[in-house]
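Biologist: I should like to learn how to read the features of a model, one at a time. Please give the general idea and then the case at hand.

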Amino acid sequence: MAKVNQELAFKLSDGTYLPWVAWGNGTGDAKKTAIESGKIALEAGIRHIDTAQLYENEKETGIAIETSKIPREEVYVTSKLSPKADDGKYPPVPPSEVRDSIQGSLDRLGFVPDLYLIHSPFVPEPGQLKAVWKILEDLKDEGKLKSIGVSNFRPQDLEAILDGAKHKPVVNQLELHPYTLAHLEPLLELQEKHGILTTSYGALTPLLRHPTGGPLKPVLSNIAERLAKKYNAPDIDSLTVLFLWARAKKIGVVTASGNEERIKGLAKVYHSSWELDPEDVEEISRVGKTIHFRHYREHMEKDFPLPNLPSQ
């Protein structure tokens with residue numbers, strides 16, 4: 001496993017540690033510049049890269065690490081089993097192809113990643129979710145995978161694989177921010193019961209993707225202004241506050257950027273000692289639960305009842 005600074009990490013149920021911030025290369029410029037931006041992230045101080053088969057840059061992820069100034073053993077890497085693109089469609093992966101598909105990830109990366117996830121509950125063929133999880137368990141037992149987990153899993157998906165599981169998933173990576181809290185409460189309760197850490201992509205959605213910023217916008221702005229004065233750190237802004245809220249809630253963060261200054265800013269937040277007051281954490285959560293807004297709707301809103309809340 002990667003050598004992880006435990007003070008900047010969350011402990012997983014298998015006893016390993018996951019750096020609480022990851023630079024992801026799944027979208028936008030980050031996806032297109034996986035080598036260059038990956039090196040910038042590592043050399044700025046980030047020690048966790050999140051990739052996936054679907055992003056088609058696992059090879060570039062390995063090259064970014066190999067050609068950076070940072071030793072491989074100091075970099076935590078997450079990748080994911082994804083469906084293969086086929087003429088604009090993403091057909092499910094049958095159990096018979098899972099081992100070869102995962103080996104493809106390892107070959108492209110050039111090493112065994114520290115964490116390997118099933119990208120969504122719709123990656124396996126219908127009814128085969130438990131069988132595919134069993135394959136990941138077997139690969140872990142054989143030493144061919146390290147930590148294993150899931151992504152975009154709803155309560156029913158987690159319950160399906162937890163039934164009789166030898167190894168529980170250590171994380172569930174999904175779009176999580178204050179505006180999804182009301183919807184996700186049953187899922188988060190289930191994860192807490194089983195010691196499954198939540199990692200979040202789209203953590204900045206309330207400000208970057210919501211059309212107005214919603215009721216959280218002034219709350220985050222006020223907290224940011226107060227924190228900037230408290231820490232004499234003028235670069236603390238509302239986006240920083242969302243990251244700090246996630247850390248306070250023990251939620252890992254995955255964020256993608258191909259902008260050098262933003263990547264360096266992310267590294268600064270990762271290494272900072274900045275903290276929200278408990279009252280701030282509570283206020284952000286309370287206000288967030290007054291609306292429901294999610295950017296990536298294709299997984300979590302299927303057969304998982306939505307709260308009766310406005311989107312603004």
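Biologist: What is the relative accessible area of Y296?

Modeller: With a 1.4 Å probe and protein chains only, buried means under 20% relative accessible area, exposed over 50%, and partly exposed in between. Y296 has a relative accessible area of 24% and is therefore partly exposed. Please note that this is a predicted model, in which local features need pLDDT of at least 70 and side-chain atom pairs count only at pLDDT 80 or more, while totals for chains, interfaces and linings use all residues. Residues are numbered from 1 along each chain as its sequence is written, and side-chain values use heavy atoms, leaving out hydrogens and water.

Biologist: How many aromatic pairs are there, and which rings form them?

Modeller: A pair of aromatic rings is described by the distance of the centres and the angle of the planes. Rings of Phe, Tyr and Trp (its six-membered ring) pair if their centres lie within 6.5 Å; planes under 30 degrees apart are stacked, over 60 edge-to-face, and the rest tilted. The count by this rule is one aromatic pair. The ring centres of Y201 and Y296 are 5.5 Å apart and the planes stand at 75 degrees, so the pair is edge-to-face. It links distant parts of the chain, 95 residues apart: Y201 belongs to strand β9 (residues 197-201) and Y296 to the segment after α12. Helices (H or I, at least four residues) and strands (E, at least two) are DSSP runs, numbered from the N terminus. Y201 has a relative accessible area of 16% and is buried.

Biologist: Which charged residue lies over the face of F111?

Modeller: A charge sits over a ring if NZ of Lys or CZ of Arg is within 6 Å of the ring centre and within 35 degrees of the ring normal. R72 lies over the face of F111, 3.8 Å from the ring centre.

Biologist: How does one read a helix such as α9, and what should its 15 residues span?

Modeller: The expected span is 1.5 Å times one less than the number of residues. For α9 (residues 216-230), this gives 21 Å, and the end C-alpha atoms are 21 Å apart, which agrees. Its buried residues are L216, V219, L220, I223, A224, L227 and A228. These fall within an arc of 160 degrees when seen down the axis, so they line one face of α9. The arc is that of the directions from the helix axis to the C-beta atoms. An α-helix has 3.6 residues a turn, so residues three or four places apart point the same way. The cover over the buried residues of α9 includes α8 (205-208), α10 (238-248) and α12 (278-288).

Biologist: Which residues of α11 are buried, and what do they pack against?

Modeller: In α11 (residues 260-271), I263, L266, A267, V269 and Y270 are buried. They cover an arc of only 160 degrees, which puts them on the same side of α11. Their packing partners are β2 (17-19), β3 (21-24), α2 (34-44), α10 and β10 (251-256), where contact means heavy atoms within 4.5 Å. At the N-terminal end, N259 caps α11 with a side-chain oxygen 3.0 Å from the backbone nitrogen of E261.

Biologist: Which side chain joins that of H48 in a polar contact?

Modeller: A polar contact is a pair of N or O atoms within 3.5 Å; within protein, one must be able to donate a hydrogen and the other to accept it, and residues adjacent in sequence count only if both atoms are side-chain atoms. The side chain of H48 makes such a contact, of 2.9 Å, with that of T78. H48 is in strand β4 (residues 48-50) and is buried at 3% relative accessible area.

Biologist: Is L81 buried or exposed?

Modeller: L81, in strand β5 (residues 76-81), is buried with a relative accessible area of 0%. Beyond four places in sequence, the residues that L81 touches include Q53, V98, S101 and I102. S101 lies in helix α4 (residues 95-109) and counts as buried at 12% relative accessibility.
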